[in-house]
Amino acid sequence: MEEKSIDIEYINKLYKYMKNNSSVEDFMEKFHINSNELNGILELCRLYGKNIEIIKTDNTLVFKKSLSKNTITTKPNMDYNKLIHTEICVVSDTHFGNIHQQLHLLNKVYKEAYNRGIDTVLHCGDMVDGNYLNRPEQPRQQFLHGFDEQASYVVDMYPKVKGITTKYILGSHDETHYKNGQATINNWVSRIRKDMVYLGQDSASININGIKIFMDHPGGGSSQSISYKPQKRIEILESNHKPKILLIGHYHKSYSFVYRNVRGIEVPCFCGKTQFQRKQGLSNVVGAYFLNIYSDSKGNIQYFEPEEILFNKNDMWDEAGKDKNKVKQLVIK
Ligand SMILES: [Fe+2]
Ligand SMILES: [Fe+2]
C-alpha cells in the first residue's frame with residue numbers, strides 16, 4: 001500500500017471491487033491489504049460520499065453498500081430569500097519572485113472577482129518565494145532575490161481593484177525572511193497597500209457575515225494523496241471550536257470535501273511546477289476558488305457551492321522571466 005497513490009481514482013476502483021455481500025477476506029487477499037489499511041480505505045470511501053460498511057452474515061464478514069450518498073453540497077431546507085448570500089474568492093501560494101510565478105493568471109481571477117461584485121479575496125499564504133538558506137539552488141529559480149525585491153514586488157504588482165480587499169496570511173516561504181533577518185512582508189505591504197489586510201502568520205480565523213472561516217498554511221512536506229493531510233488538519237480541530245469553512249494553502253493542490261461538518265478547501269496556487277516539486281514527484285495545481293455560501297442568521301451554512309477555477313499548461317507562462325517582463329499590475333479604479 002505504501003507505494004500506491006490513494007486518490008479518488010484509486011478509491012473508486014477499489015470501491016467497485018467491494019461488491020455488495022462479497023467477502024471482506026477475499027477482497028483483502030486479492031489486493032494485499034491488511035485490516036488497518038482496509039479501515040483507512042473505508043474511511044476515505046465515506047469521505048468521498050460512498051456509504052459502505054462491513055457486517056457479519058453466516059459468520060462471514062461481508063461488505064454492505066447503501067445507495068444514499070453524502071454529497072459535498074447540501075440542499076437548503078429554507079427559503080433562499082431568508083438566507084444570507086456570501087460570495088468570496090480564495091487564492092494562495094503566489095510565490096512572487098519565482099520564475100514560475102503566474103501573476104497574469106492571478107490578474108484574470110481578480111478581474112473575474114471584480115465582474116462578480118466580490119469584495120473579499122482571501123490569500124492563504126506563500127505570498128512570495130522567500131529565501132531558504134539551506135536551498136543553495138533556490139536563487140537560480142528566482143528573478144527576485146531577498147526581502148527588499150520581493151516585498152516591493154508585492155506592493156507594486158499585487159492586483160489593486162476597486163471595491164476588493166485582500167485579506168492574507170503569511171506562509172512558510174514568507175517566513176524565511178523573518179528567520180533570516182526578522183523582516184516581515186506584512187509590515188511593509190499593509191502600510192502601503194490599504195486594500196491588503198494582514199491576518200496572521202500561518203493561520204487566522206475570520207468571520208464573514210457570521211460564518212467562521214479558518215485560513216491555514218500548514219508547512220512541512222506535501223503528500224502524494226490529496227485528501228490525507230487536509231483530513232488530518234480537520235481531525236486536530238477541537239469539537240466546539242471548529243470553523244464552518246477551512247481553507248488550506250501550502251500544498252498547491254485543489255480539493256474540496258466535507259469532514260466533521262467542516263467544509264474543507266485545499267486551495268491551488270499561482271506558480272508553475274518548480275524544480276523542487278519535480279524532484280519530489282509532487283503534483284502542482286494552478287487555480288483558485290469562488291465560494292458561494294448561503295447561511296442563516298447564526299452563521300450556519302445551509303448551502304455551499306465551491307467553484308473550482310483551474311488553469312492548464314497552455315494558460316501558463318512557464319518560460320523563465322516571461323511573467324516578469326510581460327505582465328503589468330492589474331489596476332481597476
Ligand atoms: Fe507554497
Ligand atoms: Fe508553504
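How are H1 and H3 oriented relative to each other? The axes of helix H1 (residues 8-17) and helix H3 (residues 35-47) cross at roughly 105°, and H1 and H3 are therefore roughly perpendicular to each other. This is a predicted model, in which the protein has an average pLDDT of 88 and 93% of the residues score at least 70.

**Confidence in the model**

- Although the average pLDDT of the protein is 88, the value falls below 50 over residues 69-74.

**Helices H1 and H3**

- Two packed helices are described by the angle between their axes and the distance between the axes.
- For H1 and H3, the axes come within 10 Å, and the crossing angle is roughly 105°; because angles of 65 to 115 degrees count as roughly perpendicular, this pair is described in that way.
- On the side of H1, the residues that take part are Ile11, Leu14 and Tyr15, and they meet Ile41, Leu44 and Cys45 in H3.
- Sorted by class, the contact of H1 with H3 has six nonpolar residues, with no polar and no charged residues.

**Helices H5 and H7**

- Helix H5 (residues 146-157) packs with helix H7 (residues 185-192) at an angle of about 25°, and their axes are 9 Å apart, which makes H5 roughly parallel to H7.
- The crossing of H5 and H7 is right-handed, and the contact is made by Ala151, Val154 and Val155 of H5 together with Ile185, Trp188, Val189 and Ile192 of H7.

**The five-stranded sheet**

- Five strands form an open sheet with mixed pairing, and their order across the sheet is E8-E9-E10-E12-E11.
- At the edges are strand E8 (203-208) and strand E11 (255-259), each of which pairs on one side only.
- On average, neighbouring strands of this sheet are turned by 20° against each other, with direction ignored.
- Strand E8 and strand E9 (residues 211-216) run antiparallel and are joined by six bridges, and Ile208 stands opposite Ile211 in E9.

Definitions and conventions. Residues numbered from 1 in each chain as written. Chains lettered and ligands numbered in written order. Predicted model: local features only at pLDDT ≥ 70, side-chain atom pairs only at ≥ 80, totals over all residues. Axes fitted to C-alpha atoms, helices over the stretch in contact; angles between N-to-C directions. Helix = DSSP H or I, 4+ residues; strand = E, 2+ residues; numbered from the N terminus. Parallel < 35°, antiparallel > 145°, perpendicular 65-115°, else oblique. Left-handed = near helix turned anticlockwise from the far one by under 90°. Contact = placed C-beta atoms within 7 Å. Nonpolar A, V, L, I, M, F, W, Y, C, P; charged D, E, K, R; others polar. pLDDT = per-residue confidence, 0-100. Pairing = 2+ DSSP bridges.
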